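My notes follow in the order I took them.

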Amino acid sequence: MILYADILFAINFSMDFLALFICSIILHKKLNKKRIIIASLIGALFGVLDVIVQLNQVLSILFSVVIAIVMCLISFTEINLKKAILTNLTYWGVSACLGGVMSLLFSFFNRIFGEYIEKYSQESAYNGARFLIIASLTAIVSIIFTRIFTTKKDVKATEITIKFDKKEYKLEALCDSGNMLCDPILVKPVILVTCKSKIGKTIKTKDDIRKRYIPYSDVSGSGILKGIIPESVCVGKNKVDAIIAPIEKNDFAGYEALVPSNLI
C-alpha cells in the first residue's frame, strides 16, 4: 500500500489538534491555539517519521508516549505532577476514542465507495483516494466537534489591567456570570485574583485604609475575603469601578482572575 506523507501528516495534525482541543474543554483549561498548533505539528511529524523509519514495536510505543507527554506539556502549562498525569491520561483516552470513531467511519464509507474507486482507478489512485477519504472524514469530524464545543455559551476571556501601589498589573481573566460578589458597604463588584498572581501576593502584604472585607459563601463553605480598592481597573479597554480580592486558588481554569460578567 502506498502512503502519501503529506496526506498522512495532515491527518495526524488534524487528529492531534482535535484531541488536544477536546482535552482543553474536558479539563476546563485555557485554550492557547498557538501552543496546540505547535504541539500538533510535532505529533504529526513524529507520525510520519515513525512510518518512514519503521522502528520496532517497543521503541515505537516508547517514543509515542514521550511525544504525547511533550505535546501536553507544550499545549498546557501544568503546575504539578498530578495535573500533568491527568492531562496525559485524558489526552490518550480522547485520542483512542477519536481513533475508534475514525476507524468506524472509514470502514463504513470504504464499504460504500471502496469497491467503486478500486474498479475505476489504478492502484496508486485507489490508495490515494482511501487516504483522501480519511482526510475528509477527519476534517468533517473536526468541524463538527468545533461547532459543538464552540458556541456563544463558551467560556469568555478578557485581559484586565489593574493599577495599584503605583504599579500596573496585566492579567488574563475568565468572565463568570456566577461571580456576584460585591462589597456590602460600597456595593462594588469584586474581581477575584489568585494568591499566586503578582498582584495577589502584593495585596496580601498590604494593610492600609484601602483594604476591604468581603463576606462570601459557596459550596465549599463561607468566610471573609480581604480585598483592596485599586487606583484603577480596566476590563479590556473599559475602565470599571471594582474591588480586587485575592483567593486561595491556583487558577481559574488556567486564568489568573475571575471577572463578573456584568463588568464586560
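I started with D183, which is buried, its relative accessible area being 1%. The model is predicted, so I took this as a computed value from a predicted model. Next I looked for a charged partner and found R212, whose side chain forms a salt bridge with that of D183 at 2.8 Å, N to O. The two lie 29 residues apart, D183 in the loop between strand 2 and strand 3 and R212 in strand 4 (residues 211-218). R212 also counts as buried because its relative accessibility, 17%, is under 20%.

I then went through the other salt bridges; the count comes to three. K188 and D241 pair at 3.2 Å, N to O. This pair, too, links distant parts of the chain, 53 residues apart: K188 is in the loop between strand 2 and strand 3, D241 in the loop between strand 7 (238-240) and strand 8 (243-247). K188 is buried at 17% relative accessibility, whereas D241 is partly exposed at 48%. E168 and K170 meet at 3.8 Å, N to O, and E168 is partly exposed at 45%.

Which strands join strand 9? I found strand 2 (residues 167-176) running parallel to strand 9 with four bridges, and strand 3 (residues 190-194) antiparallel with two. A257 in strand 9 has A173 opposite and also V193. A257 and V259 point one way, L258 and P260 the other, and all are buried.

Last, I checked the surface and noted a nonpolar patch with about 840 Å² of accessible area together, its residues including L45, I52, L62 and F63. Helix 3 gives the largest share, five residues, and L62 lies in helix 3.

How values were computed
Residues are numbered from 1 along each chain as its sequence is written. This is a predicted model: local features need pLDDT of at least 70, side-chain atom pairs count only at pLDDT 80 or more; totals for chains, interfaces and linings use all residues. Side-chain values use heavy atoms; hydrogens and water are left out. Buried means under 20% relative accessible area, exposed over 50%, partly exposed in between (1.4 Å probe, protein chains only). Two strands pair if DSSP finds at least two bridges between them. Patches are made of residues with over 30% relative accessible area and no salt bridge: like charges are joined within 9 Å, nonpolar side chains (Val, Leu, Ile, Met, Phe, Trp, Tyr) within 5 Å. Accessible areas come from the Shrake-Rupley method with a 1.4 Å probe; for residues, only the protein chains shown count as cover. A salt bridge is a side-chain nitrogen of Lys or Arg within 4 Å of a carboxyl oxygen of Asp or Glu.
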